[in-house]
Amino acid sequence: MTAIALDSHEHDHPSGIRRWLTTTNHKDIGTLYLCFSFAMFLFAGALAMLVRTELFEPGLQFFQPNLFNQLTTMHGLIMIFGAIMPAFVGFANWQIPLMIGAPDMAFPRLNNWSFWLLPMAALLLLGSFLVPGGAVAGGWTMYPPLYIQGGIGYDMTIFAIHIMGLSSIIGSINIITTILNLRAPGMIMMKIPMFVWTWLITAYLLVAVMPVLASAVTMLLTDRHFGTHFFNAAGGGDPVMFQHIFWFFGHPEVYIMILPAFGILSTIIPTFSRKPLFGYHSMVYATASIAILSFVVWAHHMFTVGMPAAGQLFFMYTTMLIAVPTGVKVFNWIATMWQGAISFETPMLFSVAVICLFTIGGFSGLVLAVVPVDIQLQDTYYVVAHFHYVLFSGAAMSIMAGVYYWLPKWTGHMYNETLGQWHFWLTAIAFNITFFPMHFTGLAGMPRRVPDYALQFAEFNMISSIGAFVLGASQLLFLYIVVKCIRGGMPAGEKPWDGADTLEWTLPSPVPYHTFETAPVIR
Amino acid sequence: MDTSRYYLPAPSWWPIVGSVALLTLASGFLLLLQRMPAGSYLMLAGAVILAVMLFGWFGAVIREGIAGRYNGQVDVSYRWGMSWFIFSEVMFFAALFGALFYARYFAVPWLGQASLLWPGYNSTWPTAGPGSLASFTPMAAWGIPAINTLILLSSGAIVTWAHWGLKKDNRLQLKIGLALTILLGVIFIALQAYEYFLADFSLKTGIYGATFYMLTGFHGAHVTLGVIMLVVILGRVIAGHFSEKRHFAFEAVSWYWHFVDVVWLLLFVFVYWL
């Protein structure tokens, strides 16, 4: 499939640290993204362990409230911007050129830059734990007035957001351009794999909303230091205005973190069902509908801050409307499995679990969309349960599925299937032990972001904490499996999954450093 | 030169240099915000590193372009890239305009209705908010801003005229057009600075001052960037770069110039006029 190179310098690449600092290769950069996001996942996971340690029993045991709030805030920020988003970009880097038969990403140098901005942002964000006043403690949503009152750690977070935003915008422009311009001859848009479609739409969302977040945090910065009154009523501004601007970014951001997961599922489920994806066209249209709707639902995050009833009704109905295209996807996956010759290797186990658990998260989202219900549940653990069902058992577990699915292609080795299944069952069970009880504590009225709670919530919190510790420890097993697979293992062969039909499986495993320098022709 | 395949650049140091530059800039700014004078030196260092990176990186791209390494497909990539970059800029300004509209049509009228909280507050735009006692004169539309509108619109027409010159390989028309565009851009910035100098309100003058200076300030920064890019293009034209067929760098900068033009029109209507 690969042609003999004409420019020999393209095949020379420096070794050691220089290779990783200067690389323009989409596979190297994909690896960098994935390693970075794994490190951030473990760090932010460790923060969650500390949170659950404090919440193991009522009363203040280990952390002062301010430090506790730093832990929850940083857990959220790092998981979103450091773990989930870069992990998906890592998949995009590795897979999109392979899946569309492109020689690399459209802008290889910019690709390097979009990655190497992230460690700089991480230095600022994580370094804020060490400065006077500590890290941000006002929640990942960065609401004023708390974010206007904090110390230097808040400025560091704002700059980190700027740099991460730049990284996302550059990365997304690269992805969009690659998909629109570098497809192999014959691969029309309605033939590209579903994963590529979901990333095209995700990248569009990123280019549309990351600048809005940049605007929002810039206004925070000027309110903090340059005397503007954007979010101060005394000057005619409004703190609620920040929430509107933030959630105009924040809600599409939710789909930025789930659409690529849908793409991974839509790749894995057909493979292990040994059937083509059911309803490819409807899947494309559903993804696009979710993206378009995501721009007109943002205020459902703010039902309790006060808005006209007409606004509440509008945002309630548009939010419920999103259940339609999402339902289309869920039913398409089930229909793909229907009468398929299904086998349950680790990637498929994760994928099926995601369908079930994400659907639970989707339903609790519908519950929260109902204005009178939301007013009861705002800022309770019910919300925490909801977004962990969509973000952990939706996004994070899809990432795990994708890692198991493509590791053989990337490394040339099979991972250990037994250990993989152990990791799956431990993760799936511990996840439910951790987060399912939060539905109950939330319905009973336990507020989120508090280090101490009423005695009536003690049992459920202890159960959640035990589940969380198991969940956290299981991810060390994941790390072990991945490292072991990179170092060696059974040779994977060209196509370890017999049901797979995308282009990357026509290449040898591990994939050569340069691939598709001459584009394959698609029938 | 084989251009049958898509050009893939060799490993490059420029991106990591750019990352270091931004981290240095951010760290310097952080120190300045803490009133530490070392911050300005750090920021200066960051700016220098950034400038080196921009020269080095764009220089490499220009050399590759002249060497004929880019085929038509690479050209299309650059077009998509620039279009989406401008779209991201549009969204950045959209958020600031959103803040302006929200303040004018929701936040300020609601403050006026809160008679218990802010008795006697006259919630008409422009306002510095109920907590402010200072009075100020809002910027009138039909003085300098109207002249600036004329200047920027005609500069947009002239840059297109320059483009026609390039397409006909009339280098003189191209050079005159570009130089005139740059001149008009500089006059625009100068008039804008003069307007800031005349203003009796500041960034701190409530929501009016905040939205006014943030919107016009970011726009002014973009015009400045546009002028710098136009100067680079003029330098390249004088150095004999570009052909009638292949001159995307010129087109990209003119797209950018039209973009700042359109943003200005919206500014003129919604910030100055209405």
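The model is predicted.

Begin by selecting both chains and viewing the surface between them. Here 64 residues of chain B are in contact with 71 residues of chain A. Together the two chains bury about 5800 Å², of which 74% is on carbon and sulfur atoms. Next, highlight B:Arg5, B:Leu8 and B:Trp84: these residues supply 12% of the area that chain B buries against chain A, more than any other three residues.

Now turn to the charged and polar links. Two salt bridges are counted between chain B and chain A. Select B:Glu64 and A:Arg109, whose side chains meet in a salt bridge at 2.8 Å, N to O. Between the chains there are also 13 residue pairs in polar contact.

Colour the helices of chain B next. Helices H1 (14–33), H2 (38–66), H3 (72–113) and H6 (206–238) of chain B each give two or more residues to the side that touches chain A. The largest share, 21 residues, comes from H3(B). By residue type, this side of chain B divides into 46 nonpolar, 13 polar and five charged residues.

Finally, select A:Tyr204 and A:Phe295, an edge-to-face aromatic pair with 6.3 Å centre to centre and 70° between the planes. A:Tyr204 lies in helix H7 (residues 194–225) of chain A, while A:Phe295 lies 91 residues apart, in the loop between helices H10 and H11 of chain A. A:Tyr204 is partly exposed, whereas A:Phe295 and B:Trp84 are buried.

Key: Residues are numbered from 1 along each chain as its sequence is written. Chains are lettered from A and ligands numbered from 1 in the order in which they are written. This is a predicted model: local features need pLDDT of at least 70, side-chain atom pairs count only at pLDDT 80 or more; totals for chains, interfaces and linings use all residues. Side-chain values use heavy atoms; hydrogens and water are left out. Contact means heavy atoms within 4.5 Å. Buried area is the accessible area (1.4 Å probe) that two parts lose on being put together, summed over both. A salt bridge is a side-chain nitrogen of Lys or Arg within 4 Å of a carboxyl oxygen of Asp or Glu. A polar contact is a pair of N or O atoms within 3.5 Å; within protein, one must be able to donate a hydrogen and the other to accept it, and residues adjacent in sequence count only if both atoms are side-chain atoms. Helices (H or I, at least four residues) and strands (E, at least two) are DSSP runs, numbered from the N terminus. Ala, Val, Leu, Ile, Met, Phe, Trp, Tyr, Cys and Pro count as nonpolar, Asp, Glu, Lys and Arg as charged, and the others, Gly among them, as polar. Rings of Phe, Tyr and Trp (its six-membered ring) pair if their centres lie within 6.5 Å; planes under 30 degrees apart count as stacked, over 60 as edge-to-face and the rest as tilted. Buried means under 20% relative accessible area, exposed over 50%, partly exposed in between (1.4 Å probe, protein chains only).
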